[in-house]
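Here's a quick walk through a few packing details, from a helix pair up to chains and domains. Have the model open as you read.

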Amino acid sequence: MKEKTTDKKGSFLSPFKAVNYLFKKPRTLRYPFEPKEPALRYRGFHLNDWEKCTGCGNCADICPNEAIKMVEIPEIEPKPGEKNDRPKLDYGRCCFCGLCVDICPAGSLRLSRDYFHIHFDTDTFAFFPKDEKTDKEHFLGSEQYSILKASLAHRKENYEGFTSDLEYSLFEPQRVSMPEVPPDERKLSFIEQIIGYSKEEAKAEASRCLECKLCEEACPAHLKISDYIKAIYEDNPGESLKKIFEDNPIPSICGRICMKHCETACSLSIRGEALAVRWLKRFAADSIKDYKTALELRAAERTGKKIAVIGAGPSGLSIAHFLTLKGHNVVVFDSLPGGGGMVRVGPPLYRLPIEAIDKDVNYIASLGVEFRFNTTIGKDILFEDILKEYDAIYLGVGTTASRSTKVKNIDRAHLALPFLQANKIGSGTKVGKEIIVIGGGNVAMDVAREALRLQYMQHPGEKVITKTVSLEDWDEMPATKEEIEDAKAEGIQFNPGWGPKEVKVEDSRIKGLLCVKVKLVFDEQGRFSPTFYEEKQMFLEGDMIIEAIGQAPDFSFIPEKLFEKLQFTAQRKVKVDDNGMTTIPRVFAGGDIVNQNLDAVTAIADAKIATEGIHKMLSGR
Amino acid sequence: MNMNLSSKMSSSPRELELYFGPQHLGMVGNFSITLKVEGDRILEAQANPGYLHRGFEKLMEYRTWIQNFPMVCRINVVEPDSMEMVYAMAVEKLAQIEVPERAHFIRSIYLELARVASHLFGLWAYANMLGFDTVAQWAMYHRDLILDLFEELTGGRVYHIYIWPGGVRRDFPPGFKDKIVNTLHSIGGCVPDYDSTFFNNRLFYDRSKGIGQLTLEQAKQWGATGQTLRATGMPYDIRKIEPYAAYDKVDWDVPVREDGDAYSRVWVIRDEMIESVHMIFKLLDAMPEGPVYNRIPNPFKWKVPRGDVYVRCESSRGELGLYLVSDGGDKPYRVHFRTPSYPHGLIILEKLLENASIADVGNIMISLYVVAPEIDR
């Protein structure tokens, strides 16, 4: 339009054309009698579904105006891994930008299309947003609603405006995928399945953390997860490891086999994939070659007190580490030839290689902890003698006896723990071509997947089958989803909902397992009490049977007189007080014999409690 | 109007000091001018900004990269959108964030809608100042129709908080393309009415022709951009010179006038609106499908690499620039905006008011399209 435009002076009369408009209908709305409906994306007052809200506080953290404050609501009973904090909005500050909506991992916080509030009391401008689901009093149907009364306490129901959309969220719902050895390759050997994050991958994954710390509440040992994730993000695995060691001295082990209560609680997991906390811990542990120089931890001045730790499993290792740092002399006894306890013999090599265990154990030994391996209490050294010789004793013996189904001919079957142990640190087991594993838990998955590998190694080129049979159906199987998926990918067959009836033996050779259909696994009170449809039977062919239906503790090393003093809880766990002390004075306990979770990180949590208890007792406080 | 006889100050007993604004109907916002007048003639004018100083540039140093995004728009109340655009552009350049193709188109369409809305608001102010109340109300009504579009797209009518680093905040809602077309057609259908009642009106011509006249040389020297410069004959437009968003993807013209007076400036505004509407139609036709947002890093951990950047875009008032410095932290180290109203409202206004008549103060000021919050920041 570069050509020169000529001025149009126009006529004085031309404006009179506008007179036409006198006869047109006015465009203005006669508000409020003619209401104007706000757009569907309108950014008005907040709505918050209190049932979905986890109290993570991300909305308060991102608010540019500090208009949101997290306030504890005592009436709310927080679900595990959640807080009973709820956001309180101050409409004197809110600018309705909606960043809080885009960061809300639960998607509970939304904006409505309401925008009226008139009140003489300024306090009414600060309020807890709720929605019609959780607040029926102030959200009204269209019959009761009147625009003349519209306020924060008189709002229209089902009036959602700007809502959260994962595609435009400020957090990344997708996890950086972990490189793995593919199922067809890994099932042929004991190669570690998880390859581990590279530095870049770990940094990218760590960058997803929103630092809401719900995970830290959920973690039994309360690791400072958000801090050590942040250190990884900042390219400082040494600092990360320091943070981990404050609460967990076995990161190389836990970084592989932790039951990750943190990831269940992770606020990203509500609508996306949880932060890979476990793999990041593993990354921190693996990227530091030498813990000692990185950690610079030194034991306190020697106290001269002697503590015996029975069992070098996760809880025994942890308490040895913590007590040594406090200056006590710790001796750890274990019947196995190396540290790790159950994690040394249980998790197969493809999940937890021996070197990963020894890395943690050797570091703890380097602090001055004395390990006496291949030493069985009650045989090589008597429990009474230890009780006399040491100032305090910690029992971290775990559940070492395998349970059996006690069906006909079951004595021909193998037990889970000896089977796993023999393959991990022993001479190995000869396996059949068609193996039946009884059980649906994580140990059963370990046994089945390990058995499959042995089959491929011992019968190369032949057709081999491993199948599991479990009382529980798919939805109630106690094994983690991850394990079940991995097992399926490797070709393990599942028979959920069947109970073993009899091991069929012909000519002193195992022919298979006769099974009956399960009616119910648990009774009305939720107790384990399986019932069967006796008429519905199935025969599973197989030449080898392994039972993996659970473990029990073995206290045979404690002399009878003392054992009588040891009290148990209703759940048949060793009873301990707030300091971790059992009913036998000076004897503390933790790990699988004490807690219900039966995992490493809870064992560490028990060890932390007992550390404080023992230290308090020994320092005379 | 506040009149103050300051006989001590003035050299001649006939001189008066006259405070124009900030509480004045003809004022463009919280802004004032001190006039030294003799009779009806202005001897000297001094612009007084500062009534709206909110310290945005400093505040932004205390907020994280994403927390600044809802704030930048507030610097210019009338057209917040180009503020969002420069901020997003600067951060994207520093942090090397790619923007999806469709987001570029949506940004351009959205910015052009904002330009039309802003020009209609300007037309309201100008017509209102001249006493053309009918035309002013039409312009306000048509602006509201565009605000309805914004409400539907972004959830906000005035502060849209829509263009963020990485793209735009949400894609078009279903049927939005048709709504834009229908709304623009209904506004475009009223152009003959606007022309006959206002632009081709003898009263408008007589009141604005030759008022606040600026030569090309003066305009260049005093830092004029936007309509003020284009009305002096220079086709200077950042959208052409340094195309951003999708401005280089379609054909369009830069409207220019030669005379440099209030009349030319208002005509440039009119022509620009029409050009913008044509451009929106072309952009809508050429707009590709696809994503509209590349996710930015986690806002709680986001650190923008060390560096500094100057970006500029063509706001409805002229060249809007942003100088942004990052020290590699989670917040900007320094932020500085170059806003078009700054030279227009402080330098050019003072110069043009010399020797003007008191009745033309509003005329000149509003034809320069000054927005006070842009000056103060």
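## A helix pair in chain A

In this predicted model, helix α16 (residues 416-425) of chain A and helix α17 (residues 442-458) of chain A have axes that come within 10 Å and cross at roughly 45 degrees. On the α16(A) side, the contact uses A:Ala416, A:Phe419, A:Leu420 and A:Asn423; α17(A) brings A:Val443, A:Asp446, A:Val447, A:Glu450 and A:Leu454. Contact here means C-beta atoms, placed from the backbone, within 7 Å.

Sorted by class, that's 6 nonpolar, 1 polar and 2 charged residues.

## Where the chains meet

Chain B puts 37 residues into its contact with chain A, and chain A puts in 42. On the chain B side, α5(B) gives the most, with 5 residues. By class, this side has 14 nonpolar, 10 polar and 13 charged residues.

## Two domains in chain B

Chain B splits into domain 1 (2-48) and domain 2 (56-376), with bounds from an automatic or database domain assignment. Their centres, taken over C-alpha atoms, are 31 Å apart. The contact takes 15 residues from domain 1 of chain B and 20 from domain 2 of chain B. On the domain 1 side, β4(B) gives the most, with 6 residues.

## Housekeeping

Residues are numbered from 1 along each chain as its sequence is written, while chains are lettered from A and ligands numbered from 1 in the order written. Local features need pLDDT of at least 70 and side-chain atom pairs count only at pLDDT 80 or more, but totals for chains, interfaces and linings use all residues.

Notes:
Axes are lines fitted to C-alpha atoms, for helices over the stretch in contact, and angles run from 0 to 180 degrees between N-to-C directions. Helices (H or I, at least four residues) and strands (E, at least two) are DSSP runs, numbered from the N terminus. Two residues are in contact if their C-beta atoms, placed from the backbone, lie within 7 Å. Ala, Val, Leu, Ile, Met, Phe, Trp, Tyr, Cys and Pro count as nonpolar, Asp, Glu, Lys and Arg as charged, and the others, Gly among them, as polar.
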